[in-house]
Each structure stands twice: as C-alpha cells, then as structure tokens.
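Please walk me through this structure step by step, for someone who is meeting it for the first time. I would like to see how its parts are arranged and which side chains come together.

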Amino acid sequence: MTSGLLTIKSARAVTAGYGTHGEPFGRLVPTEELVNDIAPKRPGKSPGDGVENVAASFVREKLGIRSVATTHHTDALTAQTLTGGDTSSSRTVFNPDIDAMTTQALRLAVGDYLAHSERAEGGRGSLAGHIHLSWSSDDRQMFALAEARREVGWHTPGLTSLHLLSGCAGMIEALNYAQYLLYHSSARDDEDAVVFVTASNDLSAIAHTRGPAGAPGNEDLDQWLFPAIFGEGAGAIVIGRPDPAGDEWMVQDWAIEPVTEDWRVTMPPEQDIPHMVIRARGVGATYRTNVPLAAQRGLQALGDGSGFGDLHRLCLHESNPRMLTAVATGLGAPEATVHSISATVGTLACVSVFTLLDEALQSHRDIPGAPDGLVCALIGDVAGSVAAGHITLRHQPSTTTPTA
C-alpha cells in the first residue's frame, strides 16, 4: 500500500531489566539459569542411553541468546513454580510491571512528540484512537491502558480503543486501523489528530513452563522454546498526518501477506481451546524464506536501486540473532544499518519493532547527515495466522528555521 497519509511522530520502547528505562522493572536472566530451571532433555547419542540433559552451550549455539528480559513479577512467579511446583497459578494473574512499562513507554513517546512538535504548551490535536498489540488479553488490560492515557495527560472519554491479538507482525496491520481512525472518523477534520499504538509482551501466562516438567514434556524442544528465548517489554508509537513543519517519518509504503507454507506454527484444538505450538526446528526455515522477501519489497519501495544508499536502518524482526545476521548478510546490508539487542533481551514478539524503531529514530537524530530511509521487515502471528510484511519510512526534514 503506497501512502503519504501517515507519519510516525515518535516511537519508544521499555524492556525489562535493560537500559535506563527498563532496569526498574526486571532483570536479564542468564540463559544458563533458564535452561537449568527448565531442565530440557534430548535422546542419548547411542541406543539404550536414555535421555541426557541439554547443555546451556547448546542453547547459546543454536539460539545465540545470552539472557532474557524478565519482569520482577514473572521472575517471582517462576520462583514460586520452581519452589512449590504450582504450574497453574501464573495463568490467572495480572502483571503490574507490564502495565507500568506500557505507561512509561507511552509517556516517553508522547513526551518526544510534544517536544519535537512544539506543542507542549497546548494546541495539540485530538486523540483519534488507541490500538494495543499483544498475544494475550484480559478484562483488566483496556482499563490499564485508559489509566496510562490519564497518567500521560491525554485521556479522552469514550475513546475508540482496539486490542489486536497479534505478535511480531501486528504493527503492519495497526497502520491500516490508524489510517482509518485518522481519515474516516470524527478526527478527519483535525489535521493534528494522532493515534496511539502500544504493545506489550508478557510472560506471566507461561511462567509455569519454566518449572521442571515430567517426561515427555521436558524432552520436547518445542515445549521449552518459549521460556528460553522470549523476553518481556512494552512499546508506544504516536502516528498522525504529515506536518508541514516536517522533522518526522513518512510512512511511504507498507504491505502484509500470509505465509501460506508455514513450517513452524500449528493451532491444535487441545486442552479444549486452540493454542499455538511453535515447532522450533522450523523457525529458521520460515524466517530465512520470508524475511528477505519482505525486506527486498521494503527496500524497493525506498526507490534507491540497491536500496542501501538511502538506508539509515534495516529493522529485521528480532526472532533470533543468528538468523538475523544470516539474513542481513544474504541481503548484502551494510553492518552499520542493522541494529540488534535480541542476544541480550531475547525476542520480544510484537514489541520488537518498537525497540527497533526507538533506536532508529534516536540514532538518526544523533548522526549528522544520516540517510533518510528506514525499512522494517517483520514476520509473525497476526490474529492467529502467520504473516510477513514490510514498512518503509522516509524522514522528512524540518522546514522551520532554527532560532539563534
């Protein structure tokens, strides 16, 4: 979808235990500790050997992840599971750390938007809607998001709020909803109207899987993949219409397509409700097949031959640092254009694109003469199916003259 109708005004992310903003909310749990808690096993090398423990070195080698971002809340639930053997209590609790991280991310994004648009003293537009992305939901979440808007001073009674049950590629679909809210709702007459898009990845619901499991559960790589590689975080983006004053990122193109030959995800109707099972050995095949195609489409939309001359950042979904490096190398992307933190925090699902955009926008401000193009290539579940796509952005320079 080619469009000059949307701009990203600001983007921020908060990851548990990581960086100045994330440290108060959690810690980075070493892979060795996770694997020791999960106690995964695999068949012995020779017939009759039974099973053997999977060494932490195996996880590091295959996944490239040294640690996983974990909130204090989930950390406590995990310890409770390991100590008491309770494998069900974590499924029905709320995570106050995730709520606080989401509020903090929104506070940062709104603060950036107001500061760069010089609207801190008033004159800002209406809030057209709030879209939230996460792979799980509960009755409390929308109330928590309303509280977050109150805390950042931008609460609108009766606001249109949408919750998209989606993972890594959900941001692309959110652009479609944001465009509708800005151009086909009451906000269509307000040139300064904006839409909030937030996201969270919460492991509380699967904290119980970090406890020792009886065979064959602890022998199945697919069963301990989630707690071994997924981290917790939150993000926020402010989207609006183009500002004549510039200094923002134009959404130049975006598209999303289903992954029709998905080798990694099934939705078996077990336990009375559908749930997703990720087949670990198929993740690499799916990623390496579809992410390069999405990236190439995004680079073509940038309109620069090879696509790298105008490129500031190539934001590849952070599923796995080793796969990411392999795809970037295969595309021929200059090393300086690819940013990654997944080796430190794990993969953050739908929050991944928020961390990538946060870094891309911040670094662009800090690098004089930086190229003005940005491409995101994403893959993951969207409403229960797997999809891949791209977002192409181009920075619009400021048209205002700095005061002396």
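**Aromatic rings around a buried tryptophan**

W154 is buried, with a relative accessible area of 5%. This value, like the others in this text, comes from a predicted model. The ring of W154 and that of F196 have centres 5.4 Å apart and planes at 90°, so the two form an edge-to-face pair. Because W154 lies in the loop between α6 and β7 while F196 belongs to strand β8, the contact ties together parts that are 42 residues apart in sequence. F196 is buried, as W154 is.

By the rule used here there are two aromatic pairs, and Y113 and W154 form one that is stacked, with 6.2 Å from centre to centre and 25° between the planes. Y113 lies in helix α5 (residues 96-117) and W154 in the loop between α6 and β7, so this pair joins parts that are 41 residues apart in sequence. Y113 counts as buried, at 4% relative accessibility. Taken together, Y113, W154 and F196 make up one aromatic cluster.

**The sheet and the helices across it**

Strand β8, which carries F196, is part of an open sheet of nine strands with mixed pairing, in the order β7-β6-β8-β9-β1-β10-β15-β14-β13. At the edges stand β7 (161-165) and β13 (311-316), each of which has a single partner strand, so one side of each is left without a neighbour in the sheet. Neighbouring strands of this sheet are turned by 20° against each other on average, when direction is ignored.

Helix α6 (residues 141-151) lies across β6 (127-134), β7 and β8 (194-201), and runs at about 130° to β6. Helix α7 (residues 170-183) lies across β6, β7, β8, β9 (233-240), β10 (248-258), β14 and β15 (385-396), and its direction is at about 165° to β6.

**A buried serine in a loop**

Between β7 and α7 there is a loop, and S166 lies in it. With a relative accessible area of 2%, S166 is buried. Leaving aside residues up to four places away in sequence, S166 touches L133, S134, W135, C350, D381, V382 and A383. One of these contacts, S134, is 32 residues from S166 in sequence, yet their C-alpha atoms are 5.6 Å apart in space.

**Charged side chains**

The count of salt bridges comes to 13, and R27 takes part in a bridge with E33, in which nitrogen and oxygen are 2.6 Å apart. E33 counts as partly exposed, at 30% relative accessibility, and R27 is likewise partly exposed, with a relative accessible area of 31%. The side chain of R27 also meets that of D75 in a salt bridge, with 2.4 Å from N to O. This pair links distant parts of the chain, since D75 is in helix α4 (residues 72-84) and R27 in strand β2 (residues 26-30), 48 residues apart. D75 is buried, with a relative accessible area of 18%.

D372 lies in the loop between α12 (352-366) and β14, whereas R394 is in strand β15, so the pair ties together parts that are 22 residues apart in sequence. D372 counts as partly exposed at 26% relative accessibility, while R394 counts as buried at 16%. Elsewhere, salt bridges that share partners join R12, D112 and D358 into one network.

Charged groups meet aromatic rings as well. R140 lies over the face of F94, at 5.3 Å from the ring centre. In another such arrangement, the charged end of R241 sits over the ring of Y183, 4.5 Å from its centre.

Note on methods:
Residues numbered from 1 in each chain as written. Predicted model: local features only at pLDDT ≥ 70, side-chain atom pairs only at ≥ 80, totals over all residues. Heavy atoms only, no water. Pairing = 2+ DSSP bridges. Helix = DSSP H or I, 4+ residues; strand = E, 2+ residues; numbered from the N terminus. Axes fitted to C-alpha atoms, helices over the stretch in contact; angles between N-to-C directions. Contact = heavy atoms within 4.5 Å. Salt bridge = Lys/Arg side-chain N within 4 Å of Asp/Glu carboxyl O. Buried < 20%, exposed > 50% of the residue type's maximum accessible area, 1.4 Å probe, protein only. Phe/Tyr/Trp six-rings, centres within 6.5 Å; stacked < 30°, edge-to-face > 60°. Lys NZ or Arg CZ within 6 Å of the ring centre and 35° of its normal.
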